[in-house]
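Subject: Structure handover

Hello,

Here is the structure I said I would pass on. My notes on it follow below.

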Amino acid sequence: MRHRLLALTLIAVFGSAFFVGRALAIGPYLGSGHFPTASLTWDGSDNAPADYLNARGGGFGNWDSYTHLSISRSTNWKVFYTIQYNGATGWNGYAFICNTLGTCDNSSAWSGTYRDCNVWINRSYMDADTAVQKWNIAAHELGHCWSLAHNTSDQSSLMWPYLSNVFTPNSNDVASVNARY
């Protein structure tokens, strides 16, 4: 599904001077859905090497720090994070969203109120990657949990669909999450 980017022009007024800000795009989104609250909880297995656990913690921490989301760890989770060997799947990471009606991983789920999101990190592909690339995948998959789609027009976005060294959300990523939460 293709999504249009909504461009916003920011104008800041300081005294009598006018500064035109950079256009800020919102989206693209998976659909119109989202969690009913910005206060989210997560849990996950801790049986992975430290670089994966650090990437997971950094991914949650960055979204918590840079956006309106408030994310904490709890056994009463909304996001479950699994790091394991999944074999030759073709993906490094995968986010699986279910809505409150029990519909999962399709446009209907993505346009409803989210019940939960499962993130799977595939060690079969990721073990040879750097710690920064592991962090990139961790944060990228979490972006899908916050309803963000792949952003094929901005290589600096966490939602760029290819492995990169970006591990913090850029201004578009932040604005897109904050517009939903």
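Leaving out residues up to four places away in sequence, Pro 169 touches Asn 62, Trp 63, Tyr 66, Leu 158 and Val 174. Please keep in mind that this is a predicted model.

Pro 169 sits in the loop that runs between helix H4 (131-145) and helix H5 (171-180). With a relative accessible area of 7%, Pro 169 counts as buried, because the cut-off for buried is under 20%. Asn 136 is 33 residues away from Pro 169 in sequence, and the two C-alpha atoms are 9.8 Å apart in space.

Two of the residues that Pro 169 touches, Asn 62 and Trp 63, are worth a separate look. Asn 62 belongs to helix H1 (residues 50-66) and is buried too, at a relative accessible area of 10%. Apart from neighbours within four places in sequence, Asn 62 is in contact with Trp 135, Phe 167, Thr 168 and Pro 169.

As general background, nonpolar side chains tend to be buried together in soluble globular proteins.

Next, the strands. Strand S5 (residues 39-44) has five of its six residues buried, so the rest of the structure largely encloses S5. S5 runs parallel to strand S6 (residues 70-73) and is joined to it by four bridges; one of the pairings is Ser 39 with Ser 70. S5 is also parallel to strand S7 (residues 79-84), with three bridges between them, and here Gly 44 has Tyr 81 as its bridge partner. Together, S5, H1 and S6 form a right-handed β-α-β unit.

Last, confidence. The average pLDDT over the chain is 88, and 87% of the residues score at least 70. Residues 1-23 have a pLDDT below 50, although this stretch makes 35 contacts in the model beyond near neighbours in sequence. Where pLDDT is low, the predicted coordinates should not be read in detail.

Regards

Technical notes. Residues are numbered from 1 along each chain as its sequence is written. This is a predicted model: local features need pLDDT of at least 70, side-chain atom pairs count only at pLDDT 80 or more; totals for chains, interfaces and linings use all residues. Side-chain values use heavy atoms; hydrogens and water are left out. Helices (H or I, at least four residues) and strands (E, at least two) are DSSP runs, numbered from the N terminus. Buried means under 20% relative accessible area, exposed over 50%, partly exposed in between (1.4 Å probe, protein chains only). Contact means heavy atoms within 4.5 Å. Two strands pair if DSSP finds at least two bridges between them. A crossover is right-handed if, with the strands pointing away from the viewer, the path from the first strand over the helix to the second runs clockwise. pLDDT is the predictor's confidence in each residue, from 0 to 100.
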